[in-house]
Amino acid sequence: MDKIKIVQHSGILSCIGNTPLIPLNRVFCDSKVQLYGKLEMFNPGGSIKDRTAFNILKNAMDKGIVSDNTTIIESTSGNMGIGLARICHYFGLRLILVTDPHINTLTVNILKAFEAEIITVDKHDGNGGYLKTRLGKVQELLQEIPNSFWPDQYHNMDNPSAHEQTFLEILNSLRKEPDYIFVSTSTCGTLRGLGDAILKHNALTKIIAVDAVGSVIFGDKPNKRIIPGMGASHPSNFLNLEQVEDVIMISDRESVEGCHHLLKTESILAGGSSGAVVKAIEKKLLDIPDNSSVVAIFADNGERYLNTIYSEYWVNQQFNSLEK
């Protein structure tokens, strides 16, 4: 059993983080706020979850918890799985991912390309999702497989600590603290990391949390959700309500509308949670003072959603069409 030596600044791992922050001048062209998009799709795995996956595994390797023959087992709806898959493949680690029917076909194919083993659960957990069912299966596997490690993105504080760096990158890019950051929620790791960094730097930045209708994170009634990667059927272990200025609930339909509007106006092909962030900003705009700086966290790219969010056939099936 050999300890794995981590060198972040070599190979593909050197591409994690330091994603672009760009001005968005077209999405709300009549607004007087200074809007920016943090493009997390520029991480090698196409999402912000690369940061989470690397930080958790790096710290586990540094502590000797994960060695060269450890099996990694995690629950995922997609992006965290891809982040883990690339890193585990790079280090030659076995990876088992427990997912559910919400995962899309392209994501599954990417995971298989990186030799991840996939187990799909199909039993609802009673709260509008599959999270509890997935976690139950993870626990079974941990008991069955010796020398196995659960990254536990839902409780491991190495998840939010990864996103303190995200805030530092925003500060460096803007050369000032933003007035607002809009961030979608799932594990709330990104939200918590941003909040912790704001506190450490005595910043006055206000966090606007964007959650899915039917998600229980902020106490909404559990209900079926079809957009992966946003919302949860289980309360967040990371959520600190004192760090949240406001919460805006966005429906699946609104998320898709936001994606199409972002594509139409800015030529940015982003995932469902990014569309939710766009719609949340739209709802909040009248409450934001002119000339305020607003950062939108765009968590992933939209290529994996070409058969759903960006498919006219799928949209018509789900919503009968979108508002033009």
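Two strands count as paired here if DSSP finds at least two bridges between them. Keep that in mind for the views below, which all come from a predicted model.

**View 1. β7 and the strands on its two sides.**
With that cut-off of at least two bridges, β7 and β10 make a pair: three bridges join them, and the two strands run parallel. To get from β7 to β8, the chain goes through helix α7 (residues 189-200), making a right-handed β-α-β crossover. Look at the side chains of β7 too: Y180, F182 and S184 point one way, I181 and V183 point the other way, and all are buried. Since five of the five residues of β7 are buried, the strand is largely enclosed by the rest of the structure.

**View 2. The six-stranded sheet.**
Here is the open sheet that β7 belongs to, with its six strands in the order β1-β2-β10-β7-β8-β9 and mixed pairing. β1 (21-23) and β9 are the edge strands, each pairing on one side only. Going from one strand to the next, the twist averages 25°. β2 and β10 are joined by six bridges and pair in the parallel sense, with L35 standing opposite V294 of β10. Two helices to pick out are α6 and α7. Helix α6 (residues 164-174) packs on the sheet, where it touches β1, β2, β7 and β10, and its direction makes about 135° with that of β2. α7 packs on the sheet as well, touching β7, β8, β9 and β10, and its direction makes about 175° with that of β8.

**View 3. A closer look at α6.**
Which residues of α6 are buried? They are E164, T166, F167, E169, I170, L171 and L174. Follow the chain just past the helix and you reach R175, which takes a positive phi of about 60°.

**View 4. The largest nonpolar core.**
In soluble globular proteins, nonpolar side chains tend to be buried together. The largest nonpolar core in this model has 28 residues, and the members touching the most others are L35, F182, I268, I281, V294 and F298. Two or more residues each come from β2 (34-39), β7 (180-184), β8 (206-212), β9 (244-250), α9 (272-284) and β10 (293-298). α9 gives the largest share, with five residues. Zoom in on F298 and, leaving aside neighbours within four places in sequence, you find it in contact with L24, G37, K38, L39, E40, M41, L262, I268, S274, V277 and V278. Another core lies apart from this one; it has 25 residues, including L13, I16, L57 and I103.

N43 is in the loop between β2 and α1 (49-62). Is this asparagine, N43, buried or exposed? With a relative accessible area of 2%, N43 falls under the 20% cut-off, so it counts as buried. A polar atom of the N43 side chain lies 2.7 Å from the backbone nitrogen of G17. Not counting residues up to four places away in sequence, N43 touches C15, I16, G17, T19, I48, D50 and R51.

**View 5. The four-stranded sheet.**
This second open sheet has its four strands in the order β5-β4-β3-β6, with parallel pairing. The edge strands are β5 (117-120) and β6 (148-149), and each of them pairs on one side only. Strand β4 (residues 94-99) pairs with β5 in the parallel sense over four bridges, and V98 has I119 as its bridge partner in β5. Helix α4 (residues 131-144) packs on this sheet, touching β3 (71-75), β4, β5 and β6, and its direction makes about 165° with that of β3.

**View 6. H234 in its loop.**
The last stop is H234, in the loop between β8 and β9. H234 is partly exposed, with a relative accessible area of 29%. Which residues does H234 touch, not counting those up to four places away in sequence? They are L131, K132, V216 and I217. For a sense of distance, H234 and A162 are 72 residues apart in sequence and 22 Å apart in space, C-alpha to C-alpha.

Notes
Residues are numbered from 1 along each chain as its sequence is written. This is a predicted model: local features need pLDDT of at least 70, side-chain atom pairs count only at pLDDT 80 or more; totals for chains, interfaces and linings use all residues. Side-chain values use heavy atoms; hydrogens and water are left out. A nonpolar core is a set of buried Ala, Val, Leu, Ile, Met, Phe, Trp, Tyr and Cys residues joined through side-chain atoms within 4.5 Å. Buried means under 20% relative accessible area, exposed over 50%, partly exposed in between (1.4 Å probe, protein chains only). Contact means heavy atoms within 4.5 Å. A polar contact is a pair of N or O atoms within 3.5 Å; within protein, one must be able to donate a hydrogen and the other to accept it, and residues adjacent in sequence count only if both atoms are side-chain atoms. A crossover is right-handed if, with the strands pointing away from the viewer, the path from the first strand over the helix to the second runs clockwise. Axes are lines fitted to C-alpha atoms, for helices over the stretch in contact, and angles run from 0 to 180 degrees between N-to-C directions.
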